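Subject: Structure handover and findings

Hello,

My notes follow below it.

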Amino acid sequence: MIPNNSLEILEFNKVLNLISNYANSEASKKSILSIRPLSDKNQIEKKQHEISEIRKMAHEGKPIALSSFHDITQFLLKVKPEGSVLEAQELALFIPVFDIGYSIFFQIRDRFDLPNLRAITLNITGFPDILKILIKSIDSEGNILDSASPLLSELRAKIRKLELKIRKRLEEIVRDEKISSLLQDDFITVRSGRWVIPVRMDSKGMVPGVVHDVSKSGETAFIEPLAVIHLSNEIENFIAEQKAEEIRILRNISSMIRKEINKIEEEFNTIVYLDTLNCIAKFSDLLNMQNPIINTSRIINLIDARHPLLQISYQKQGANRTIVPLNAQLGGENTIMVITGANAGGKTIAIKTIGLIVLMAISGMPIPASSTSNIPLIENLLVDIGDEQSIENNLSTFSAHISNLSSILKDTNSETIVLIDELGTGTDPEEGAAISCAILKELREKNSLVFATTHLAEIKGFVHTTEGMLNASMEFDIRTFTPLYKLRIGEPGQSHAIEIAKRYGLPDPIIAKAKDMLGNIKTEFDRLVSELNEKRNMYENLLIEIEEEKKQLESLRKNIDKQIKDIEIRNKEILAEAYKKSYEIIFDTKRQMNTFLDELKKKGKSEARKIIKEIEEKQKLIEDKLAEYSEAEKSPAIEELKKGDMVYVKSLKQDALITDINPKSRRLKILSGNIEIEVPISEISAKKDIEMKETQSSVHVSSTEDVPFIINVVGKRVDKAISEIEKTLNHASLTDMPEITVIHGIGKGILMKAIHEHLTKHPLVKKFRSASQDEGGKAKTIVTLK
């Protein structure tokens, strides 16, 4: 458990006080001030998520429905015994609590995006039945309302009626000429619950009635006239009944609360807890705090960390002052960091920032640092910071430090973070350094995470040569002799005591003597460190320039890549447009061919041959155009091809059927007309879809008369296939073609059977046969014309 002394030194309680300022209740304030670090990682992360969800609601403009409420704990204890009754003013304090619970229930019950808050508020109801009766019976000031019960309302109405009657009768008496001369004044008032008129003391015997009071001066007697005594007595009877009814109402409500007392207490504690989380959330938003990563690997890595109290102080001073963020990493191979540097350079605030942020993180709070920061789950945090000298205990500064360090060495382990300020001071520097180095070595062996500050050069040297230890320094501008408050890990810093002393007015002769007494070796060492720091700064600036140039080059590369991509897209668009035009040419040409075929049927053979020649000339022209478009088309992969596929052969400038594939030699056997040849894969331009669209003709007109027609009807319906075969037969007959080849595939044989039946009865067909294996097999039928 982390000692209270560490919490106080690191000002954790001050942070809690600032958070408690947002509380809606004294109970919430007590809850906030009692926050302590947690030992369970799951609890820490659960609390982080709960606070994040409350912040989410606030950022959405719908903050959690919390408002001011009282601590009702003492009244729950009071009402717990059977028969006990709470006063109306006490019961009135329950109304805001129940109202908050009721509002939160409706606000969160359907928010499935807030799973943690839904889990907390799962059993919150606001006790609507009790709340309804309370609102009906008691106002916010603790007065019992007429609406509390019908009887109470009736009794109060009767009392008001009688009071009006009494007042009217007294006004008549006061205006009576016989009585008015005896009065001290003409007003009507109440004394001891009775209605009276002010009569001069010397005339009190002349006004029949009962004296209920006398003025302080003794000059006035307050008399209740006999004419209204019976009415006042009636009022007192009604008031007694009213009091009894009020007690009954209060007893009834108290009884209802008693029956639900455990649930009410649990719900109240939940509301207090939600208010506590809400206060942390508001404080987190004020400082833009983030949830860190909690690890069990004993690694601390703070990124852009800020001391919360210092940040608030700067915010109050205005926007001109900003905090230099702290970046520190320790753990793994290195477990000890010794920070050196100038006085007032920020060494102490650095280790205080580290300690305070660790406490906040393991308490489940967001921290003023980047969300990528890593905080170890620790058992203890031990601190030796500040001047602990004590006259009462006869302890000097050095003795107090040694006493603290002895306790730290006794209590520390591998789950401990240790913070030590001004290590080795308060005694002889050499002896102090020796003791300090021994202490650091012991803490290293205990595997604790240690952040320490010092000015002693001997400690810097020891850390530099010892495994598992790191030097660090707070940067200092030697030109202006001002601290930069930036932690630099990996190199020691200089104290610059003489330069700072000179800046703050120490006479030059004393400065000169001090330098002489310091010795040449120390001066040379400081000069060397200073030069190294200057060179480091120069190299860092160069690195920044190089990084900037890299960014510019990267930006230029991205622009070039974008331009190349745009060009590629444009090329694809151009190619796509070219293919589109080519398909339009093909479609238009085939349409013309069908028209020519129809004309051929009507004309003689000599005229037909002339038309065929024109067709061949046009076909040659079209093929030349298509060749231009197909040059850019790549050959398909040999794995994509299979027997029976139709492909375009560049050298032949026409489609052909694949009859065999040799993957090893990357060559194909193709059938073009009745000629089977072997070509390399590179000659293939593109695989053709065998199932051509109905708008496309599947007829190929050869460029020589001795090569027969080929028609592909694979995949077509029977009627469509026979229609196209009929056109082909007519065309072939007109052009004196001896044979045509029909490619119909095998499948289930339905299409082949239908074609054969059609050919059997056809007047133009002499005979037909299935193709041999060399010619393509049963997938083709060779038709001989008459």
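Does glutamate 724 count as buried or exposed? Glutamate 724 counts as buried, because its relative accessibility is 9%. Buried means under 20% relative accessible area, exposed means over 50%, and partly exposed is in between (1.4 Å probe, protein chains only).

Some ground rules. This is a predicted model, in which local features need pLDDT of at least 70, side-chain atom pairs count only at pLDDT 80 or more, and totals for chains, interfaces and linings use all residues. Residues are numbered from 1 along each chain as its sequence is written, and side-chain values use heavy atoms, with hydrogens and water left out.

Confidence

The protein chain has a mean pLDDT of 84, and 84% of its residues reach 70 or more. pLDDT is the predictor's confidence in each residue, from 0 to 100. Two stretches deserve a note. Residues 389-394 have pLDDT below 50, and beyond near neighbours in sequence this stretch has five contacts in the model. Contact means heavy atoms within 4.5 Å. Residues 689-708 also have pLDDT below 50.

Salt bridges

The structure holds 28 salt bridges. The criterion is a side-chain nitrogen of Lys or Arg within 4 Å of a carboxyl oxygen of Asp or Glu. Side chains of opposite charge can pair when their charged atoms come close.

Lysine 56 forms a salt bridge with aspartate 113, and the closest N and O atoms are 3.0 Å apart. Lysine 56 lies in helix H4 and aspartate 113 in the loop between helix H7 (94-108) and helix H8 (115-120), so the pair ties together parts that are 57 residues apart in sequence. Helices (H or I, at least four residues) and strands (E, at least two) are DSSP runs, numbered from the N terminus. Lysine 56 is partly exposed, at 32% relative accessible area. Aspartate 113 is partly exposed too, at 36%.

Glutamate 246 forms a salt bridge with arginine 156, with the closest N and O atoms 2.5 Å apart. Glutamate 246 is in helix H12 (residues 226-259) and arginine 156 in helix H10 (residues 150-175), so this pair ties together parts 90 residues apart in sequence. Both glutamate 246 and arginine 156 are buried.

Back to glutamate 724. Its salt-bridge partner is lysine 716, and the closest N and O atoms are 3.8 Å apart. Lysine 716 counts as buried, at 14% relative accessibility. Elsewhere, salt bridges that share partners join Lys56, Glu60, Arg111 and Asp113 into one network.

Two buried residues

Arginine 55 sits in helix H4 (residues 41-59). Arginine 55 is buried, with a relative accessible area of 11%. Its side chain makes a polar contact with the side chain of aspartate 285, at 2.8 Å. A polar contact is a pair of N or O atoms within 3.5 Å; within protein, one must be able to donate a hydrogen and the other to accept it, and residues adjacent in sequence count only if both atoms are side-chain atoms. Leaving out residues up to four places away in sequence, arginine 55 touches Ala281, Ser284, Asp285, Met289 and Pro366.

Isoleucine 658 is in strand S16 (residues 654-662). Isoleucine 658 is buried, at 2% relative accessible area. Lysine 643 is 15 residues from isoleucine 658 in sequence, and the two are 5.2 Å apart in space, C-alpha to C-alpha. Residues that isoleucine 658 touches include Leu641, Val647, Leu668 and Ile670.

Backbone

Most residues other than glycine have a negative phi. Asparagine 288 has a positive phi of about 55° although it is not a glycine. Asparagine 288 lies in the loop between helix H13 (261-286) and strand S5 (293-295). Asparagine 288 is partly exposed, at 49%. Glutamate 422 has a positive phi near 55°. Its place is in the loop between strand S11 (416-420) and helix H17 (429-445). Glutamate 422 is partly exposed, at 24%.

Regards
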